[in-house]
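Subject: Structure handover and findings

Hello,

Please take over the structure shown here. My notes come after it.

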Amino acid sequence: MIIKFYKLSILSTVIFGILLSMTSCDLINGSDEDDDDDKITGDYMITFRTEDGLEEYTSEDAVGGLVDQIDKQHRALISGGRSDRSIGLQIYDDKNIAESTYSGYSIDQSYTIVGVGLFLIFDQEIYSSSYYQQSDLVIKISELTSNSARGTFSGSVRSNLGNDLTITEGKFYVPLEN
């Protein structure tokens, strides 16, 4: 039952990302500030590095997020995508999603999830942090408003074909659906 619930949560994030990319309009929120390591500024985006180089999703690629609550389950879903690639970050908690660092993954007896997940779809290969018993994925929300979320992420994912991928220097700045 727990595995089916987790797979359902991954599926809901994938569907959210696809719907966001299909319905997105001009989401650019420009800024004249320069980027630095402590603060992500400028247009909405999700970026990260892998062994293959820099991967970027911008406002043109439909990036967005959702923070909500269903019964006792609080969650933040952050996604970006285009026709051949997409990414989804998931944060689950038993209390309100806030500016904090999230890691790990557990489910209590009432099926409330506390932890994080990440999936990538590159062409036909699906990478997920859930393929690891003990994922090293860390997602930090450094700024959370009613309109947007900023933060960083890093960790390892494994594909449905058994290939490993290390994600470093992950950053996001996304608009939130209301």
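Below is what was found, grouped by topic.

This is a predicted model, in which local features need pLDDT of at least 70 and side-chain atom pairs count only at pLDDT 80 or more, while totals for chains, interfaces and linings use all residues. Residues are numbered from 1 along each chain as its sequence is written, and side-chain values use heavy atoms, with hydrogens and water left out.

**Strand pairing**

Strands and helices are DSSP runs, numbered from the N terminus (E for strands, at least two residues; H or I for helices, at least four). Two strands pair if DSSP finds at least two bridges between them.

Start with strand E12, residues 164-175. Strand E1 (residues 45-50) runs antiparallel to E12, and four bridges join them. One spot to look at is Thr-47, whose bridge partner in E12 is Lys-171.

E11 is also antiparallel to E12, with 10 bridges between them. Arg-158 stands opposite Asp-164 of E12. E11 and E12 form a hairpin with four residues between the strands. In that hairpin, Gly-162 has a positive phi near 90°.

Ser-159 belongs to E11, which covers residues 148-159. Is Ser-159 buried or exposed? Ser-159 counts as buried, because its relative accessibility is 3%. The cut-offs are under 20% relative accessible area for buried, over 50% for exposed, and partly exposed in between (1.4 Å probe, protein chains only). The Ser-159 side chain makes a polar contact with the side chain of Glu-125, at 2.7 Å. A polar contact is a pair of N or O atoms within 3.5 Å; within protein, one must be able to donate a hydrogen and the other to accept it, and residues adjacent in sequence count only if both atoms are side-chain atoms.

Most residues other than glycine have a negative phi. Two residues here go the other way.

- Ala-62 has a positive phi of about 65°. Ala-62 sits in the loop between strand E2 (53-58) and strand E3 (63-70). Its relative accessible area is 5%, so Ala-62 is buried.
- Asp-71 has a positive phi of about 55°. Asp-71 sits in the loop between E3 and strand E4 (73-81). Its relative accessible area is 69%, so Asp-71 is exposed.

**Around Gln-73**

Gln-73 is in strand E4. Gln-73 is buried, because its relative accessible area is 11%. What does Gln-73 contact, leaving aside its neighbours within four places in sequence? The residues are Asp-68, Tyr-92, Asp-93, Tyr-111, Thr-112 and Ile-113. Contact means heavy atoms within 4.5 Å.

Two polar contacts involve the Gln-73 side chain. One goes to the backbone oxygen of Asp-93, at 3.2 Å. In the other, a polar atom of the Gln-73 side chain lies 2.7 Å from the backbone nitrogen of Ile-113. Lys-95 is 22 residues from Gln-73 along the chain, yet their C-alpha atoms are separated by 7.5 Å.

**Around Val-114**

Val-114 is in strand E8, residues 113-122. Val-114 counts as partly exposed, because its relative accessibility is 30%. Not counting residues up to four places away in sequence, Val-114 touches Tyr-92, Asp-93, Asp-94, Gly-104, Tyr-105 and Ser-106. Gly-104 is 10 residues away along the chain, and the two C-alpha atoms are separated by 7.7 Å.

**Salt bridges**

Side chains of opposite charge can pair when their charged atoms come close. The structure holds nine salt bridges. Each is a side-chain nitrogen of Lys or Arg within 4 Å of a carboxyl oxygen of Asp or Glu. Here are three of them, by residue pair.

- Arg-75 and Asp-68: the closest N and O atoms are 2.7 Å apart. Arg-75 counts as buried at 15% relative accessibility, and Asp-68 as partly exposed at 22%.
- Asp-84 and Arg-82: the side chains meet at 3.9 Å, N to O. Asp-84 counts as partly exposed at 33% relative accessibility, and so does Arg-82 at 31%.
- Lys-95 and Asp-93: the closest N and O atoms are 3.7 Å apart. Lys-95 is exposed, with a relative accessible area of 52%, whereas Asp-93 is buried at 5%.

There is also a network. Salt bridges that share partners join Glu-55, Asp-61, Arg-82, Asp-84 and Arg-85.

Best wishes
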